[in-house]
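The sequence and structure come first, followed by the account.

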Amino acid sequence: MAAAAVWTSSSHAQKPSMPVIGYLCPESPELFGSRLRAFHQGLREAGFVEGHNVAIVYRWASGQYARLPALAGELIARDVDLVVAPGGAPVALAAKAAGVTKTIVFEMGGDPVQLGVVDSLSRPGGNITGVSSLSVDVSPKRLELMQELLPAATTLGVVTNPTSPTAGSQLQRLHAAAETLGVHLKIFSASKAEEFESVFASVARESANALVFTSDPYFAFRSQRLADLAMTYGVPAITQTRDFPLAGGLMSYGGDFMQSHRRAGIYAGRVLKGEKPADLPVQLVTKVEFVINLRTAKLLGREFSPSVVSGADEVVE
Amino acid sequence: MIVRDRFRGLFPKYFLALFLAVALPLAINGAIEAWFGYRDQRARLDQLLGVQATSAAAEIHNFISDIASQLGWLVQLPWTDEADDGRRTDALRLFRQAPAIVSLTLIDNNGLERLHVSRFGLNRIESRTDRSADPALVGAHAGRVWFSDVSYNRGSEPYLTVAIVGNRPAVGAAIAEVNLKLIWDVVSAITVGETGLAFVLDRQGRLIAHPDISLVLRGVEETTSRPFRAIRDAIGPGEGFATSRDAQGRPVAASEAPVAGPDWTVVVAQPLSEAYAPIYAALQRTTVLLAGSTIFAGLLAYAFAHRMTEPIRLLEEGTERIGAGSFEHRISIQTGDEFQRLANSFNRMAGELAVAQQHQERITKLKRFLAPQVADLVDRAGDDSVLDGRRTDVVVVFCDLRGFTAFSAGVAPEDVMSVLSGYYEVLGRVIAQFEATLISFSGDGLMVLVNAPVPVEEPALRAVDLAVEMQKRVQGLITNWRSQGYQVGFGIGLASGPATVGRIGYDDRLDYTAIGSVVNLAARLCASAADREILIDTDTATSVRGKRLIEDLGSRQIKGFDEAIPVFGISHDAL
């Protein structure tokens with residue numbers, strides 16, 4: 001097995017023509033596994049298989065987003081043919097800021113135009129293009145869904161990551177939505193895993209009845225931890241990713257990350273085939289999914305209305 | 001030389017005629033076949049693309065009408081003034097069923113918005129906003145189903161608004177925003193040949209569906225849509241498919257079909273190289289076949305022309321050689337046809353010419369010593385063997401003029417030659433008349449042989465008659481000469497007996513002669529004959545006795561003979 005691995009890697013080294021993708025990942029391989037599989041699937045659809053006709057150099061930030069610029073620099077030093085920056089706006093921004101001269105293909109939940117990553121969706125401009133899962137855009141929908149579950153609630157907690165480049169715009173939208181919906185917002189901040197527990201603990205102390213997580217990759221990749229805490233403290237919560245209700249959280253509403261990572265893989269393949277990033281418009285995912293966990297709702301003593309259940313894309317029972 | 005000659009004259013004519021006879025029908029046939037093949041293929045392509053365009057349009061239409069019919073479920077129940085949570089449930093269910101619908105608005109019978117649900121924005125329930133002037137609503141009331149123009153969300157994603165009203169005003173209306181990006185699933189599944197594709201243009205000619213989604217996301221841009229619009233415009237209202245160029249400038253064959261309702265156009269385009277591949281293949285086949293058959297025609301024509309002209313060339317060559325005298329030359333043509341017959345007849349002619357020439361030569365030779373008719377006779381026998389040496393009974397006749405030596409000394413040479421010429425002319429005629437063989441003449445003397453080389457009936461009698469005729473004729477001359485004062489006479493001697501006869505001499509200087517005592521005897525008898533006298537020996541006399549008047553002159557001492565021998569005379573006066 002080891003010999004085979006050595007043999008394959010050495011045989012790859014003998015193919016100087018094989019293009020190299022630099023994969024800049026904000027998390028660890030364990031947390032990013034499902035996204036990486038989706039990316040490989042897209043790459044395969046575009047005709048590239050790792051180790052066969054493309055090599056991939058991975059750089060893992062393992063949750064320490066501050067390391068991203070340095071890791072991007074390492075990829076530049078490796079002179080990779082293409083940098084893939086998946087998993088959120090911080091990655092794309094770090095790659096762009098590091099001065100990657102080769103093409104960057106991003107995958108994020110935010111609005112790349114608003115973040116200044118691209119000029120426009122149809123004409124990205126420069127050497128960068130990618131896919132947006134629209135998760136950031138739908139933060140107000142999470143607030144709406146939570147309010148629907150708790151129609152009597154007057155104050156809803158909102159958790160934001162102050163280090164996120166989209167935090168400001170999301171809060172702005174949420175405040176506007178809260179006004180429309182007639183609820184008050186209680187803002188909690190968390191940028192480290194250690195801060196999560198205090199957020200949940202304070203929900204009970206403060207008068208907020210539930211937690212609405214803003215779209216943020218750091219939150220998204222820690223769904224298990226958030227689900228456990230929500231259960232421990234008996235707090236209804238909603239996040240952007242399906243991982244959350246699947247891990248025992250109450251519900252999620254956000255873009256289909258499988259689709260966005262897969263499309264990022266397709267774009268990476270098309271760039272490898274020689275297409276210019278400027279000719280590849282930024283793609284928005286077509287699917288925004290709503291997943292609920294009825295078991296968790298029961299444990300929390302809440303009940304979804306029939307219309308919510310019928311509108312869910314996936315229901316965990 | 002022969003090769004150069006070959007390209008003049010008959011060979012090139014035959015070659016060209018035969019070549020054209022084979023190659024031309026082939027070429028015409030090939031061209032006609034290619035033309036009809038091309039037309040058939042074009043018709044087939046036209047039909048194929050037409051069917052594919054229609055079926056693609058049907059699929060796109062299905063996509064839209066599916067959404068419209070899903071919306072139809074929401075405009076079936078009459079509105080009341082109370083809020084109706086059941087409608088929201090229906091709306092959210094519809095979201096699950098129709099992923100392309102981005103937002104949905106339900107309007108009641110008074111034109112008030114009762115429900116608005118969206119995938120991205122906040123829902124509005126019972127807002128009761130007056131939407132009666134909304135163009136979607138107005139349009140739907142006019143035609144039950146209404147489609148907006150395509151708009152581009154954030155300048156990229158094509159969106160369509162569909163509005164539908166129920167079968168009565170009480171049920172209100174439903175308005176849905178549809179993300180047309182999802183047509184990708186439909187349009188990318190449409191296959192046109194191997195590499196062809198289908199795309200959809202809206203009323204204004206903007207790209208709204210294409211297997212390459214990145215083009216659709218820039219469909220609002222003129223530069224993106226222009227090449228596709230060019231293909232649509234190239235097709236035009238006329239029948240059949242059109243050829244145009246795609247965005248990459250590659251020629252394509254395209255056909256279109258309308259999508260009723262939103263008033264779109266579905267265009268199916270196939271690279272021309274692929275669409276015409278069967279035509280090109282057929283043309284290539286035809287070309288190869290034509291080239292092959294042309295080479296074959298050339299070889300065939302060469303072979304036939306060679307077969308036809310080669311005998312003619314052989315004939316020409318042969319006749320030239322025969323004409324130059326090579327009668328032994330034979331033209332060898334084994335074609336089994338007229339040429340061979342002609343060659344055979346040439347060969348026969350050459351043979352006959354050779355025979356005729358030999359005959360002529362022989363006659364010429366024979367005529368030197370044979371009377372012409374005898375010579376002919378010998379010649380007709382076709383055999384020279386009569387001239388071969390043998391021993392046979394002959395009659396030898398000698399004659400000469402008396403006193404000629406004295407006469408010749410006394411007169412001018414011209415007179416001598418004139419006398420001799422008249423003398424020999426007379427004798428020659430007589431010799432020819434009696435078919436005797438002239439052996440030799442010298443000065444005034446002459447030797448003639450009878451019964452050799454050609455045997456005659458009664459040689460002695462003939463010799464005697466010959467001698468008599470000679471005497472008569474020459475005496476006629478002598479009378480004349482004497483009147484001129486020339487004192488000459490003429491005597492003849494003849495003898496019969498066995499002698500050796502045959503040709504003597506060398507090369508062309510061949511003479512026929514007789515050797516034996518009978519020759520001497522005849523010569524001696526001639527020598528002893530006086531003017532007007534014909535002396536014959538006993539054997540001759542015996543032979544002609546009773547037939548001619550013979551005078552016994554008794555025995556005479558003849559020079560060269562030991563004993564006196566009996567001599568007889570013939571009186572020619574008596575004849």
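In this predicted model, the domain assignment divides chain A into domain 1 (16–133 + 256–286) and domain 2 (139–254 + 289–316); such bounds come from an automatic or database domain assignment. The C-alpha centres of domain 1 of chain A and domain 2 of chain A are 28 Å apart.

| Domain of chain A | Residues in the contact (heavy atoms within 4.5 Å) |
|---|---|
| domain 1 | 16 residues |
| domain 2 | 12 residues |

Domain 1 of chain A and domain 2 of chain A bury about 1200 Å² between them, with 63% of it on carbon and sulfur atoms. Buried area is the accessible area (1.4 Å probe) that two parts lose on being put together, summed over both. Of the area that domain 1 of chain A buries against domain 2 of chain A, 31% is supplied by R35(A), D256(A) and F257(A), more than by any other three residues.

Two salt bridges are found across the interface of domain 1 of chain A and domain 2 of chain A, a salt bridge being a side-chain nitrogen of Lys or Arg within 4 Å of a carboxyl oxygen of Asp or Glu. R222(A) forms a salt bridge with E27(A), and their closest N and O atoms are 2.9 Å apart.

On the side of domain 1 of chain A that touches domain 2 of chain A, the elements giving two or more residues are α2 (29–45) and α4 (89–97) of chain A; helices are DSSP runs (H or I, at least four residues), numbered from the N terminus.

Residues are numbered from 1 along each chain as its sequence is written, and chains are lettered from A in the order in which they are written. Local features need pLDDT of at least 70, side-chain atom pairs count only at pLDDT 80 or more, and totals for chains, interfaces and linings use all residues, while side-chain values use heavy atoms, with hydrogens and water left out.
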